[in-house]
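Here are a few friendly notes to read alongside the model. Please keep the viewer open as you go.

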Amino acid sequence: MKNALLNLSLLTSSVWSPISGGITTPDGFLAAGISAGLKPSGKKDLALLYAPDGACCSGTFTQSVTRAYCVDLCVDRIKASEGKIRAVIINSGQANACTGSRGKIDSEIITHELAQRLGLSDEEVLICSTGVIGEPIPVEKVNGHLDYLIESLDKEANLDAANAILTTDLQVKEIAYQAVLGDRQISIGGMAKGSGMIHPSMATMLSYITCDVGIDHVLWSDMIKRVAESSFNAITVDGDTSTNDTFLAFSSGPKLDPRYLSILEEGLHLTAQQLAKAIARDGEGANCLLEIKVEGAPSDLDAHAIARTIASSSLVKTAVHGSDPNWGRIIAALGRAGTSFNFNDVKLWIGPYEIFSNGTPQDFDRQIVSNFMKARLTGKYLIDDLISIRLKIGIGKGSATAWGCDLSDQYVRINADYTT
């Protein structure tokens, strides 16, 4: 569904406007997405993102100890080149994680072959893989399609690339924003994949953002860390993190007047959060987007811990799936989030309905709240399918939002026979 994310109205900005497009919307960026026979389905499974000369790249990655070698390769090359990266090749179908020395060798062979064809050094090329853990990349198939992949690079191939990185996703995830800052028109584009094995640190996903502004690598890296924290590290589907999680962001173009940098970062947060919410909503077997908003915490860090704990609670998620306003599960998750608060200050809302206030349950119509939840579970995708849970736990200035989804029996069916 092309540009499905443009229907989102959950975040708005007076400066940034959603426009048609994706990862190639900013000036100078090209992409490609083809079928190289990596998936039995024959669907697109090999993508390439090509950045202009002088582009700056930064990223955040999985914290898993069992991470795939492609993650280490990205980290090492970004550091060694101080962000001077020109190309990223992405294969879907095989995670190439936990494959021993072959994982390292195969990643380096593919990036070397691509670098040779593009006239780049190996250090300017990254690789990302997604798919079944333990499955190596069919190197011969990838290398045999590199020429065609390069020939397919195009300004209009954003949707091809966004499709080629998908695995169990049901929806394509791409978006673009535009704003006028000073006398310049600035664009930000993005694409992502992710549906299952989603949890902070990072969530199981691949995501890419491009921007046609030139920024110092250190400054850009600091921005991207903050962006990741408010987006891809604030979603959960099933409490599992993966081996290949990668978020890469590219900046390229004339430098921006420093007074507009905060507005640029706002656009980056907006783009990443829309992609992150699309990942959470596309959780395997999910029927709604679950939003947890926490206010009044001692700090933002405390608020994040609470929001993520509640969003990842299987009991909360199954209650949502059953349209059951079982507020006790929410309060129980709040209590184990590791943050101190005065229980008598706690207030809780499900949608517009106040359920709990000042340490005491409120007299609410359970059926009305249940009907409210049911309506969202059958709402239109990313338009009116949001169930919001809001907590105020005190008078502190800390606040945060996390996103997840309901947990259904379909999730079990999808994952019970994933490799068989």
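In what order do the four strands of the open sheet stand? Before the answer, two reading notes. The model is predicted, so local features need pLDDT of at least 70 and side-chain atom pairs count only at pLDDT 80 or more, while totals for chains, interfaces and linings use all residues. Residues are numbered from 1 along each chain as its sequence is written, and side-chain values use heavy atoms, with hydrogens and water left out.

1. The order is β2-β3-β5-β6, with mixed pairing. Strands (E, at least two residues) and helices (H or I, at least four) are DSSP runs, numbered from the N terminus; two strands pair if DSSP finds at least two bridges between them. β2 (30–34) and β6 (125–132) are the edge strands, each with a single partner, so one side of each has no neighbour in the sheet. From one strand to the next, the twist averages 10°.

2. Have a look at β2 and β3 (residues 46–50): they pair in the antiparallel sense over five bridges. I34 has L46 of β3 as its bridge partner.

3. Now the helices. α1 (residues 69–81) and α2 (residues 101–118) pack at about 55°, their axes 9 Å apart. Axes are lines fitted to C-alpha atoms, for helices over the stretch in contact, and angles run from 0 to 180 degrees between N-to-C directions. Y69, C70, L73 and R77 of α1 make the contact with G103, K104, S107, E108 and T111 of α2; contact means heavy atoms within 4.5 Å.

4. Finally, α2 lies across β3, β5 (87–94) and β6, running at about 135° to β6.
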